[in-house]
Amino acid sequence: MGPIRPRSSAGARNGTRESDVRLRSLVAAVAATAMGISLAACGGGDKNDSSGGSSGDQTLTYWASNQGTSLDNDKEVLTPVLQKFTQDTGIKVNLEVIGWNDLQTRIQTAITSGQAPDVVNIGNTWAASLQATDAFLPFDGDAMTAIGGKDKFVPTALATGGKEGTDPTSVPLYGLAYGLYYNKAMFAAAGLQPPKTWEEMVTDAQKLTIPAKKQWGMALAAGSYTENVHFAFINAAQNKADWFNSEGKPTFTGDGNVQGVLRYLDLMQKDKVANPSNAQYDNGTKSVNDFATKKVAMVINQNNADSSIVANGMKAGEYGVVPFPAPAGGEQVASHVAGINLSVFKNTKHKDAALKFVKYMTDATTQSTLDKPFAALPVLKDAKPNFTTDATEAATFQDVYNTKSKPLPLVPAEDQFESTVGKAMNAMFAKIATGGTVTADDVKAALKTAEDQVAASS
């Protein structure tokens, strides 16, 4: 895999993207549907086919997200995998790979027009918003059994499939998680060990910030609203705080949220371990490149950063990875559950075939085949990561994904949470970068504005 594309998720890879498209509009689209816009039957096969027809008579349409170095690279990776499915089942698959800048819009259009595929990849943070449109097949008892049962999935991965307490309308396909990358040589020269707590990380970063060498302790994607909101979420989770209550109402101004955001801002403001110019870094690629070119000692990024680091001249053995640390005594949350899920449109004419396809794509053999080229973490229990040959790094990321990750808020307003809070953090980082000061009261006021915006549109 080549250099990381602009984020998010991982950016887009982790299930969000840098654009003003809002999944909330999908819910509005369904309201329009109720007033007269018909959801036509989905599917790419013969109109006479049905879910009860013979497998050989059916053709599925599958929209895949861009996971590789290009759309063509995705096709190269996926085509033999889909051909194997056809050989095994007789079910043909029409593949279309869609870039992240277009995928949300394409899904929205599919919902309102009825010109939809049978199966689609989604960013897993979109799951609850898409579920609210009622356009997707619930993986209820029978459907879940048909794809191999819920017990095969990593629980934290399956938890991203929809609102808590409901049948999910998506299931995990590719996993991603954050880790703290560190430069081994810089740490050794300073006599430091990889940090285990937030306090140790800050102390290490301060020792490794050497202005005379134009070297900084850390690099941040401080101008990316998606990256910023991810760390707002993670830092608040370490404080045992939530962004929404049990009724799905925003609770942005809680002290744990405010202090979590301020702690992250302080890496540039109070601790002075990040270059103020990082406020202009509008995607994760730029901060990763600073790490790879040895301008900084540490960077927090997802496991698909490896190839970009190596592509920029840093050898695999020159860096290590540890979990993103929490403050001493804090909750051990080191990442949100990042990645890609699979959904089936409810009105597919080929339900049984679509479920067979989902079962195949989430089979252990298929997963192992796809995880390596797409630099993904396994979403299946007991599966071994193969995105890297470094056993320690692989084990670190898998442990973070399996045991130290928490899903982003599983509410329909999740997309608005990302946009409002993330952009508020962009503005606060910009203020810090230009010499201003951001206090806890300032953070609370900014989060109050974001909370009001989300509440007003709920």
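Predicted model: local features only at pLDDT ≥ 70, side-chain atom pairs only at ≥ 80, totals over all residues.
Residues are numbered from 1 along each chain as its sequence is written, and side-chain values use heavy atoms, with hydrogens and water left out.

Back to that pair, then. Strand S1 (residues 59-65) and S2 run parallel and are joined by 7 bridges; strands here are DSSP runs of E with at least two residues, helices are runs of H or I with at least four, and both are numbered from the N terminus. Two strands are said to pair if DSSP finds at least two bridges between them. These strands belong to an open sheet of 5 strands with mixed pairing, in the order S2-S1-S3-S10-S4. Strand S2 (92-98) and strand S4 (171-176) stand at the edges with a single partner strand each, so one side of each is left without a neighbour in the sheet. From one strand to the next, the twist averages 20°.

What packs on this sheet, touching S1, S2 and S4? Helix H2 (residues 71-89) does, and its direction makes about 165° with that of S2, where contact means heavy atoms within 4.5 Å, and angles run from 0 to 180 degrees between N-to-C directions, with axes fitted as lines to C-alpha atoms, for helices over the stretch in contact. Helix H13 (residues 351-361) lies across S1, S2, strand S3 (119-123), S4 and strand S10 (338-344), and it runs at about 40° to S1.

Not counting residues up to four places away in sequence, Tyr62 touches, among others, Leu82, Val93, Leu95, Val119, Leu173, Leu342, Phe357 and Met361. The largest nonpolar core holds 132 residues, and Tyr62, Trp243, Met361 and Val421 are those that touch the most other members. Domain 1 (59-176 + 337-406) and domain 2 (178-336 + 409-457) both give residues to this core, so it lies between them. A nonpolar core here is a set of buried Ala, Val, Leu, Ile, Met, Phe, Trp, Tyr and Cys residues joined through side-chain atoms within 4.5 Å, and the domain bounds come from an automatic or database domain assignment. In soluble globular proteins, nonpolar side chains tend to be buried together.

Let me turn to the other sheet. This open sheet of 4 strands has mixed pairing and the order S6-S7-S5-S8, with strand S6 (216-219) and S8 as edge strands that each pair on one side only. Its neighbouring strands are turned by 25° against each other on average, direction ignored. H11 packs on the sheet, touching S5, S6, S7 and S8, and its direction makes about 145° with that of S7.

Is strand S5 enclosed or open? In S5, 6 of the 6 residues are buried, so the strand is largely enclosed by the rest of the structure, buried meaning under 20% relative accessible area, exposed over 50% and partly exposed in between, with a 1.4 Å probe and protein chains only. Tyr178, Leu180 and Tyr182 point one way from S5, whereas Gly179, Tyr181 and Asn183 point the other way. S5 (residues 178-183) runs antiparallel to S8, joined by 4 bridges, and Leu180 stands opposite Val322 there. With strand S7 (residues 296-302), S5 is again antiparallel, through 5 bridges, and Tyr182 stands opposite Met298. Strand S8 (residues 319-322) is covered on both faces, with Tyr319 and Val321 buried on one side and Gly320 and Val322 buried on the other.

Finally, two loop residues deserve a look. Most residues other than glycine have a negative phi. Lys272, however, has a positive phi of about 55°; this residue lies in the loop between helix H10 (255-265) and helix H11 (284-292), and Lys272 is exposed, with a relative accessible area of 55%. Lys294 likewise has a positive phi, near 65°, but this lysine, found in the loop between H11 and S7, is partly exposed at 37%.

For the chain as a whole, there are 17 helices and 11 strands, and 58% of the 458 residues count as buried.
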